[in-house]
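Please consult the sequence and the structure shown below.

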Amino acid sequence: MCLGGGPSEAEKEAARAQREEAAEAKRQEIEKAARQKREDIDVALTRTTAREGRTGGAGTRSLFTGTGSGYFSRFS
């Protein structure tokens with residue numbers, strides 16, 4: 001049988017403070033990751049927008065036409 005009766009009020013307060021600090025640290029990490037993700041998306045969109053003015057390149061190949069490469073040439 002336990003004679004102590006559980007944690008004291010000081011221990012409970014210390015644990016509560018630690019939980020709050022941990023929650024704040026976790027929130028800050030989430031915000032930092034979200035901010036970095038937004039910046040990465042902005043950079044990617046800026047690069048895509050800059051490339052839209054160009055013609056040709058690897059990103060504009062047709063899947064239907066061409067010589068030997070493309071989706072439909074596999075099943076002809």
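Is Lys 12 buried, partly exposed or exposed? Lys 12 counts as partly exposed, at 37% relative accessibility; buried means under 20% relative accessible area, exposed over 50%, and partly exposed in between, with a 1.4 Å probe and protein chains only.

The model is predicted: local features need pLDDT of at least 70, side-chain atom pairs count only at pLDDT 80 or more, and totals for chains, interfaces and linings use all residues. Residues are numbered from 1 along each chain as its sequence is written, and side-chain values use heavy atoms, with hydrogens and water left out.

The structure holds four salt bridges, each defined as a side-chain nitrogen of Lys or Arg within 4 Å of a carboxyl oxygen of Asp or Glu.

| Salt bridge | N to O distance |
|---|---|
| Lys 12 and Glu 9 | 3.7 Å |
| Arg 27 and Glu 24 | 2.3 Å |
| Glu 31 and Arg 27 | 2.5 Å |

Lys 12 and Glu 9 are separated by about one helical turn because they lie three residues apart in helix H1 (residues 9-51); helices are DSSP runs (H or I, at least four residues), numbered from the N terminus. Glu 9 is exposed, with a relative accessible area of 58%.

Salt bridges also link Glu 24, Arg 27 and Glu 31 in a network. In helix H1, Arg 27 stands three residues from Glu 24 and four residues from Glu 31, about one helical turn in each case. Relative accessible area is 36% for Arg 27, 33% for Glu 24 and 39% for Glu 31; Arg 27 is partly exposed, as are Glu 24 and Glu 31.

Conventions: Helix = DSSP H or I, 4+ residues; strand = E, 2+ residues; numbered from the N terminus.
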